[in-house]
Amino acid sequence: MIIAVDGPAGSGKSTVARALATALSLRHIDTGAMYRALALKALRRGLDLEDEGAVVGLLPDTSIELASDRVLLDGEEVTGEIRDRKVTSAASVIAEHPGVRRWMVTNQRRIVKEEPSGAVVEGRDIGTVVLPNADLKVFLTAAHEERVRRRAVETGTTEQEIVEDLISRDDRDTRRSLSPLRAAEDAITLDSTSLSVQQVLQQVLQIIGERSR
């Protein structure tokens with residue numbers, strides 16, 4: 001079974017995707033981590049993130065592996081480093097480059113194909129672009145204020161510091177010409193604003209149960 005979980009930052013998609021993967025004994029694949037890893041490499045090289053040619057030039061010699069909860073960039077574990085706010089912002093910038101997205105989609109599909117039992121794959125264009133034939137597509141949303149609060153808790157910063165970053169990311173994700181953030185036409189949209197992770201998980205599991213009858 002292949003399940004796509006999409007949604008904006010702070011919607012709860014990462015936590016829900018992990019919980020869902022555990023409940024179904026499937027692999028959890030965080031595609032956003034791949035963009036973050038490449039962004040980290042670009043930052044380390046001092047590249048102009050807006051220069052698509054420069055960023056795409058990194059790809060032939062780039063290896064990004066997702067191993068359990070670890071992220072390996074060219075063999076180096078960067079799991080913690082890619083969660084830095086600067087890397088998060090950089091990932092949003094490079095994700096706009098068509099050349100980067102094509103490379104990512106190809107590799108993301110390969111990773112999923114290698115999982116015989118399927119996977120729970122989270123991101124922003126999984127149900128619409130990466131895996132349009134996924135068995136189940138879930139699009140998580142949440143009120144802006146709640147998303148800001150969650151991100152502040154997650155990053156250990158103040159809500160005031162989060163607001164600008166979140167608005168910028170939302171704008172980039174929804175307005176980019178290639179693979180914008182949106183719900184697939186056949187996706188189940190869930191508003192997690194007032195729901196716990198367990199409540200969202202139960203709703204998704206119920207949907208899966210009903211479809212399997």
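Two residues are in contact when they have heavy atoms within 4.5 Å of each other. The structure described here is a predicted model, in which local features need pLDDT of at least 70 and side-chain atom pairs count only at pLDDT 80 or more, while totals for chains, interfaces and linings use all residues. Residues are numbered from 1 along each chain as its sequence is written, and side-chain values use heavy atoms, with hydrogens and water left out.

Asp74 lies in the loop between S4 and strand S5 (76-77); strands are DSSP runs of E with at least two residues, helices are runs of H or I with at least four, and both are numbered from the N terminus. Residues up to four places away in sequence not being counted, Asp74 touches Lys41, Asp61, Thr62 and Ser63. Lys41 is 33 residues from Asp74 in sequence, and their C-alpha atoms are 9.5 Å apart. The side chains of Asp74 and Lys41 make a polar contact at 2.8 Å; such a contact is a pair of N or O atoms within 3.5 Å, of which, within protein, one must be able to donate a hydrogen and the other to accept it, and residues adjacent in sequence count only if both atoms are side-chain atoms. The relative accessible area of Asp74 is 38%, so this residue is partly exposed, the class between buried (under 20%) and exposed (over 50%), for a 1.4 Å probe and protein chains only.

Pockets were located on a 1 Å grid over the protein atoms alone, a pocket being an open set of points with protein on both sides within 12 Å along at least five of seven lines, and lining residues having an atom within 4 Å of a point. Grid points are joined across faces, edges and corners, and a volume is the space filled by probe spheres set on the points. The largest pocket has a volume of about 730 Å³. Of its 39 lining residues, Ala9, Gly10, Lys13, Ser14 and Arg151 are the closest to the centre. H7 gives the most to this lining, with 6 residues.

The lining of the largest pocket comprises 9 nonpolar, 13 polar and 17 charged residues, where Ala, Val, Leu, Ile, Met, Phe, Trp, Tyr, Cys and Pro count as nonpolar, Asp, Glu, Lys and Arg as charged, and the others, Gly among them, as polar. The second largest pocket holds about 180 Å³ of space. Its lining includes Arg18, His28, Asp30 and Arg83. Strand S2 (27-30) and strand S4 (70-73) each supply at least two residues of this second lining.

Note on methods. On a 1 Å grid over the protein atoms alone, a cavity is a set of points where a 1.4 Å probe fits but cannot get out, and a pocket is an open set with protein on both sides within 12 Å along at least five of seven lines; lining residues have an atom within 4 Å of a point.
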